[in-house]
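Biologist: I am new to this structure. Please walk me through it, one question at a time.

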Amino acid sequence: MKSPPLRAARPAGNEPPALPDWQSYLSHLECAQCGSTHPPHALHGLCTCGGPLLCRYDLDSLGKQVRREDLVGREASLWRYRELLPVQHPAQAVTLGEGFTPLLPLQWGARHGLRTLRVKDEGRNPTGTFKARGAAVGVTRLRELGVRRVVLSSSGNAGDAWATYCRRAGIDATIFLPDDAPATTLAEAALSGQRVHTFGGHNSRGGRLANAFAASRDAFCANTFQEPYRLEGKKTMGLEIAEQLGWRMPDVVVYPIGGGVGLIGIWKAFAELLELGWVEGRMPRFIVTQYDGCAPIVEAFASNRMRCVPWGSIDTLPGGLRAPKPIADFLVLRILRETNGAAIAVSGEAALAAVRQVMATDGLFLCPEAATTIVALRQLLANGGIGSDEDVVVVNTGSGLKYASLFPVATNRVDDDMEAIA
Ligand SMILES: *Cc1c(COP(=O)(O)O)cnc(C)c1O
Ligand SMILES: [Zn+2]
């Protein structure tokens, strides 16, 4: 688009797109590390300082022009929150029906002395995890900014989500995954027909490979927090939790953390809703969990550091919690401290046992990552870290179905007595 004559040229990327389908109130991007601002409609990766960029919105205007009641009757997907998303042309959204997952009560809570425990069940999403939210919004926004080739590395579930959403968008994707990623994840990524490369050794290798590939092949690197839009998709978990609670926030959110996008997303959602006046009250306490074989956030929180020390040798179950040095570690640690939260490490065996327990009390198949929150809850209830009357939400980040091979089971074979009645 040409700027009109006799007017000072605005910096590239400040022009809103021609004829948006609806109003996104995106106003600019802001670096979470150095605070500098960047124009909203240009393609960005990291800030020049190396920090992650966050989408910012004109919440003043939004608050005057839109009421939360306006959401009533909109589609039951994350696209119902279009004003708070960066996408300009949602009619061209790359969607497989993501979001608006149920917030289910868990009887496990009452059995363990917690009156109100709910789980946000992200296992219902396309590709079986909440990574579909980030991929839907991230891929849609990157495509409208002109990206044709994407590369990313993932410890598992972001890989198959981005492979499938890029396929649907007509974007070429190259995905780096650890070679012990769950078979379902590898199959889903590969069946999409995108290029999938597996690697052995430390997880940090994947991030380096993806960046090197992007630089040499003219592809956009969409690694965790290396672009600002995935976060906005994951933010919708927080918008939904508030809306599903009747525009209220819980007292405590417990979240299994890897790169931190989901946690920061939920916190950002609540912050925006508080600023809009759509919810009242206090920001919840944020509590995060990790496997003890890769727990850089837990370690940094306990030693009162602002940043993580890169985690050395990783020894965890396969899946989403392997992030040896999250780019947005400082933001996660700030959220935990500001909200009087906590960070707890849990063993893989305890998590697998908790999957079985919640299946036995509630019939819900958690993923092992999310089951770490159940293990932590039991500790927190025992040591007073959480009170029995607190309103707690845990996030089931993915479906246990993706990890079925981790659960050997005994079944009863049909015997002669059975044959006799048949
Ligand atoms: C990615 C992932 C996580 C961690 O989420 P972050 O937003 O990266 O912190 C947790 N559980 C599952 C199943 C995941 O795929
Ligand atoms: Zn910066």
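**Salt bridges, a helix and cysteines**

Modeller: Lys120, Glu122, Arg133 and Glu240 are linked in a network of salt bridges. Keep in mind that this is a predicted model.

Biologist: Is Arg133 buried or exposed?

Modeller: Buried means under 20% relative accessible area. Glu122, at 0%, counts as buried. Arg133 has a relative accessibility of 0%, so Arg133 is buried.

Biologist: How many salt bridges does a search of the whole structure find?

Modeller: One of them joins Glu299 and Arg305, with the closest N and O atoms 2.5 Å apart. Glu299 is partly exposed at 33%, and Arg305 is partly exposed at 29%. The search of the whole structure finds 24.

Biologist: Which residue forms a salt bridge with Arg56?

Modeller: The closest N and O atoms of this pair are 3.5 Å apart. The pair links distant parts of the chain, strand β3 (residues 53-57) and strand β1 (residues 26-31), with the partners 26 residues apart. Arg56 is partly exposed at 25% relative accessibility. Its partner is Glu30.

Biologist: Which elements do the buried residues of α11 pack against?

Modeller: The buried residues of α11 include Ala351, Leu352, Val355 and Val358. An α-helix has 3.6 residues a turn, so residues three or four places apart point the same way. The buried residues of α11 pack against α2 (107-111), β11 (285-291), β12 (342-346) and α12 (368-382).

Biologist: How many disulfides does a search of the whole structure find?

Modeller: A disulfide needs two cysteine sulfur atoms within 2.5 Å. For Cys367, the nearest cysteine sulfur, that of Cys294, is 16 Å away, and Cys367 is in no disulfide. Cys367 is buried, with a relative accessible area of 2%. Across the whole structure, the number of disulfides found is zero.

Definitions and conventions. Residues numbered from 1 in each chain as written. Chains lettered and ligands numbered in written order. Predicted model: local features only at pLDDT ≥ 70, side-chain atom pairs only at ≥ 80, totals over all residues. Heavy atoms only, no water. Buried < 20%, exposed > 50% of the residue type's maximum accessible area, 1.4 Å probe, protein only. Helix = DSSP H or I, 4+ residues; strand = E, 2+ residues; numbered from the N terminus. Contact = heavy atoms within 4.5 Å. Salt bridge = Lys/Arg side-chain N within 4 Å of Asp/Glu carboxyl O.
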